[in-house]
Amino acid sequence: MSDHHSHEAPDELRPESRVVHPPLTEVTGSRPLGVPLHQSHLFAFDTGDALAGAHGGPDGAFFYNRFGNPTVRSLEQAVAGLEGGTGALATASGMGAINTALLALLRAGDHVIAQRSLYGGTVGALTDLTERWGVEVGYVNGDDPAGVAAALRPTTRVLFLETVSNPTTRVTDLPGLIAVAKRAGVVSVVDNTFATPLLCRPIEHGADIVIHSVTKYLGGHSDVLGGIAVFADPALHHRVWRRSLELGASADPFAAWLTLRGMQTLALRVRRQCETALDLAGRLAAHPAVTAVHYPGLPTHPDHDLARRLLPDGHGGVLAFDLAGGREAAAAFTESVRLASLAPSLGDVHTLVLHPASTSHRQLSDEELAAAGIGPGTVRVSVGIEHPEDIWADVRRALAKV
Ligand SMILES: *Cc1c(COP(=O)(O)O)cnc(C)c1O
C-alpha cells in the first residue's frame, strides 16, 4: 500500500488534519466473537478501477451504505442461511422490504394475487399500487390452491402470502398455493414474520422471496426497526437489490448490529414462546369468559393438521382469543394487564396484548372484520419470555376484570 493511501496519519500532519484521520486498528492475531459494528457509511479505495468495479451487484466491495455495508451483509447472510436462500437484502423496516420487492417485480397493468387478511401495511401498499399505478390485485384464501388457479391471468406476476395470518393465526397452505404459481411462472413472496425461519422455511415449499419484519422476532427486544427480503435465486436478488438503490430503504448498520445481537437468542426465545403460547392457549380455552381461542397448536384450530406438517417444531408465540363480553370486555382486559403491555407489535421478549378491532384492523367494517374471523371481543396476545406462571397469573387477573 502506498504512503498516500496509508491508514496511519503521517507524523508531519498538523493537528487539524490528524483529528480527521485517526489511525484505524485492524484486528490481527485474534478474531472478535461479537459481530463488529461497521458504523462507516463510506469506504475508500486505492485505485479508480477498484472503486468502479464495486458497483456491480449485491456482493461487490463496500463503498457507500445504500449499496451495502459489512455489518448489514452479516445480517443478510445470517438470515439467508436460516431461510435456505442464496442471498438477502436488509432494509430499514419490514414495509421497506415489502415495497422494495413489490416495486422491483411490478409495472403498471400487472396483476397480483394476494392472500386475504394480509398485514394492514401490505394491503395499503397494494391498494396504493392499484389506485396510482393501475396494478390489479385479486384476493384469495390461504387454504385454496384452486382459488389461485382461478385468479391467474396472463399479467399475473406475484403471489403474496403470509405463513401465519394476523390475528387469528390461520396457517397458509404454502406448498399448495405456491405450486400453482410456480406452474404459471408467477413469483411467490411469503411474509414469514410470524413463523420465523426456525418454525417454517418457505423456500423449502417453493417460495421465491421470503420477507421478515425483523422488528418482530428476529430483533426481538423492542429496540430496532428493520426488515429483510431473502431470495431463492441470485437473479431475483440482483433485481430487487437494483431497485433498492433507487428506493433507498437500505438498513442502517447499527440497526443490523442490534438485530444480529438479538438473533443470537432467537432459537431460545422462540422455543420458550411456543411452549408458553400452547400452555396459555389451553388455559384460556378452559376459562368461562373466553368463547374461542385461535392457536394452531390446539386440536380445535381449523389448520391444526396443516400446522403440524408446516410448523412441526412449534406453532409460534402469537395467539388470539374471543371474549364473551365483546368490545368493552376486550378494552377492560387490555387495560387491566400489568405484566403484559398494551402495544402494537409482536415477537418481543415482553408479553404484548392488542385489541385488533380498535387498532391494527380499525379500518375494516364490521362485515370485513367478521370475514377475517375477528370479533369485537377478539384480543391478540404475543407471548414474551417471562415465566409462564407469571404470564398466566397476569392474564387470569385481567380476565377477572372483564
Ligand atoms: C410488522 C409487520 C410488517 C411491517 O414491518 P415493519 O418493520 O413495521 O415495517 C409486515 N408484515 C408483518 C406480518 C408484520 O407483522
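What share of the 402 residues in the chain is buried? Buried residues make up 50% of them, where buried means under 20% relative accessible area, exposed over 50% and partly exposed in between (1.4 Å probe, protein chains only). Please keep in mind that this is a predicted model, in which local features need pLDDT of at least 70, side-chain atom pairs count only at pLDDT 80 or more, and totals for chains, interfaces and linings use all residues. Residues are numbered from 1 along each chain as its sequence is written, and side-chain values use heavy atoms, with hydrogens and water left out.

**View 1. The rings of F43 and F62.** This is a view of one of six aromatic pairs that a search of the whole structure finds. Rings of Phe, Tyr and Trp (its six-membered ring) pair if their centres lie within 6.5 Å; planes under 30 degrees apart count as stacked, over 60 as edge-to-face and the rest as tilted. With centres 6.0 Å apart and planes at 45 degrees, F43 and F62 are therefore a tilted pair.

**View 2. Where F43 and F62 sit.** F43 lies in the loop between α1 (15-18) and α2 (48-53), while F62 lies in the loop between α2 and α3 (70-83), 19 residues apart. Helices (H or I, at least four residues) are DSSP runs, numbered from the N terminus. F43 is partly exposed at 22% relative accessibility, and F62 is partly exposed with a relative accessible area of 22%.

**View 3. The rings of F63 and F67.** Here the pair is tilted, 4.6 Å centre to centre with 45 degrees between the planes. F63 is buried, with a relative accessible area of 9%.

Definitions and conventions
Helix = DSSP H or I, 4+ residues; strand = E, 2+ residues; numbered from the N terminus.
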